[in-house]
Amino acid sequence: MRRGKLRPDFHKQTPPCGHCRPGSPPRSHRRSALPQAASPAARPLLPACPYGPTTPRSPPERANRIKKAKPMQVAVNTSTVGAHQHPTKSSFLRPSPPCRVYFHASPRPKNLRAIAMATKSQLQEQLVITRPDDWHLHLREGGVLEAVVPHSARHFGRAIIMPNLKPPVTTTARAVEYREEIMRALPPGSSFEPLMTLYLTDNTSPEEIKLARKSGIIFAVKLYPAGATTNSQDGVTDIFGKCLPVLEEMVRQEMPLLVHGEVTDPHVDTFDREKVFIDKILAPLVQKLPQLKIVMEHITTMDAVNFIESCEEGHVAATVTPQHLLLNRNALFQGGLQPHNYCLPVLKRETHRQAIVSAVTNGSRRYFLGTDSAPHDKQNKECSCGCAGIYSAPVALSLYAKVFEEAGALDKLETFTSFNGPDFYGLPRNTSKIVLRKNAWKVPGTYKHSSGEIVPMFSGSTLEWLPSDQPKE
Ligand SMILES: NC(=O)N[C@@H](CC(=O)O)C(=O)O
């Protein structure tokens with residue numbers, strides 16, 4: 001395959017999950033799907049429900065269910081998936097019939113299994129990994145910035161800072177000012193490094209890209225299709241026309257393009273906007289400028305996974321958020337409208353979530369951590385026209401660890417959180433470490449800022465994998 005060219009079978013790939021037939025499991029799912037489906041813990045997280053606590057299935061009941069299943073057959077009840085689940089008061093939440101997924105696994109000798117379990121239980125106590133970076137972060141300005149930046153700075157070494165402010169960060173001069181504001185808001189002694197980005201418009205000039213590269217503080221340019229999401233009204237309307245000279249300069253300057261991958265055509269169904277963007281914009285862009293480094297931000301579909309896999313490794317990559325790994329679109333409606341699970345691109349159906357989990361937990365170098373942590377004031381989320389964006393910075397690491405643990409892939413977590421991002425951007429990996437302890441901790445209900453409060457993802461829930469700077473003695 002030549003650099004930047006799409007594989008010819010890109011549009012014909014087998015859906016990786018939910019439709020597998022005996023004898024033909026997609027290769028990408030054989031390893032990760034088995035432990036994920038077989039493990040009773042392998043279900044998306046269920047945060048606090050306004051209707052009361054959820055009732056988990058008792059362990060013996062789970063064991064019977066697994067024992068009764070025929071060999072090589074694992075039942076996945078898709079009705080258990082969603083941010084809120086309430087079996088005891090759920091006359092309105094009728095379980096859908098289980099979706100059967102078939103796997104072929106070779107029998108493993110018992111002693112190997114015992115070794116694997118022992119290793120797993122040791123790993124569960126404490127994980128020490130290279131300090132992660134966040135390759136997609138919204139910090140905002142003023143009081144909100146001051147309230148949220150300590151959460152990112154506590155766990156992450158660096159972060160790619162999104163430029164969708166009001167007005168957006170379209171020039172190097174403005175990026176320098178914004179960076180200074182971020183540095184002033186950091187807790188004393190913090191070594192957190194903001195990696196700044198420019199907001200691409202139809203009027204961005206190639207000279208601005210040269211300036212950005214020279215500045216040494218700008219690491220990428222962000223493409224928002226005009227009208228796609230929060231503060232994107234000044235975004236791009238003519239990528240292959242007005243923006244082409246800028247993109248060509250970005251190739252020369254080796255400046256990555258970060259893409260919000262959704263079309264804005266109101267006639268395209270919201271749930272199809274990512275796929276249509278790939279077909280109409282991204283795939284042609286990769287063909288046209290095969291040397292341009294592109295990050296498809298916050299991917300949400302198996303179409304995006306297939307696209308990323310079809311591209312030359314090291315040229316096109318993707319960030320993945322905790323919400324798109326843990327939640328499907330049921331989480332938007334479970335027990336009533338859930339504004340704090342609303343982000344863009346919107347959560348998709350379960351088969352897409354599974355495809356993304358499988359892609360990131362197999363150790364691939366094409367995917368890296370990008371929380372898309374996007375704080376909005378509570379009032380602007382819980383209102384008649386709520387903002388898109390999930391505030392995940394304080395919980396993100398715990399959630400990523402949960403995803404990898406449930407996929408039986410904790411050994412791949414560090415690659416995703418701490419290696420793939422810097423390797424793609426051509427930056428050194430962090431040298432300091434962070435510890436994740438298997439300790440239960442409760443997510444605060446809200447975080448206060450100067451003029452209001454922010455509700456974090458999974459607010460009020462109990463999570464495991466508490467991040468800390470200090471290894472246990
Ligand atoms: N993710 C979101 O839903 N919102 C982001 C913008 C974005 O990345 O789409 C925001 O800035 O609020």
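Trainee: How many cavities of 30 Å³ or more does the structure hold?

Mentor: This is a predicted model. A cavity is a space where a 1.4 Å probe fits but cannot get out. Counting those of 30 Å³ or more, the structure holds four.

Trainee: What is the volume of the largest cavity?

Mentor: Its lining has 15 residues. His 138, Thr 229, Thr 230, Leu 344 and Asp 372 lie nearest the centre of the largest cavity. The volume of this cavity is about 90 Å³.

Trainee: Which class has eight residues in the lining of the largest cavity?

Mentor: Take the lining class by class. Five residues are nonpolar and two are charged. The class with eight is polar.

Trainee: Where does the ligand sit?

Mentor: Look at its surroundings. There are 15 residues around the ligand, and Asn 164, Thr 229, Leu 344, Asp 372 and His 376 come nearest. By class, this shell has four nonpolar, nine polar and two charged residues. The ligand sits in the largest cavity.

Trainee: Which residue has a backbone N or O atom 3.1 Å from an oxygen atom of the ligand?

Mentor: An N or O atom in the side chain of Asn 164 is 2.8 Å from a ligand oxygen. For Thr 230, a polar side-chain atom lies 2.9 Å from an oxygen of the ligand. The backbone atom at 3.1 Å belongs to Ala 388.

Trainee: What share of the ligand's accessible area does the protein cover?

Mentor: Start with the ligand on its own. Its accessible area is then 320 Å². Of that area, the protein covers 100%.

Technical notes:
Residues are numbered from 1 along each chain as its sequence is written. This is a predicted model: local features need pLDDT of at least 70, side-chain atom pairs count only at pLDDT 80 or more; totals for chains, interfaces and linings use all residues. Side-chain values use heavy atoms; hydrogens and water are left out. A residue is near a molecule or strand if one of its heavy atoms lies within 4 Å of it. A polar contact is a pair of N or O atoms within 3.5 Å; within protein, one must be able to donate a hydrogen and the other to accept it, and residues adjacent in sequence count only if both atoms are side-chain atoms. Accessible areas come from the Shrake-Rupley method with a 1.4 Å probe; for residues, only the protein chains shown count as cover. On a 1 Å grid over the protein atoms alone, a cavity is a set of points where a 1.4 Å probe fits but cannot get out, and a pocket is an open set with protein on both sides within 12 Å along at least five of seven lines; lining residues have an atom within 4 Å of a point. A molecule sits in a cavity or pocket if more than half of its atoms lie within 2 Å of its grid points. Ala, Val, Leu, Ile, Met, Phe, Trp, Tyr, Cys and Pro count as nonpolar, Asp, Glu, Lys and Arg as charged, and the others, Gly among them, as polar. Grid points are joined across faces, edges and corners, and a volume is the space filled by probe spheres set on the points.
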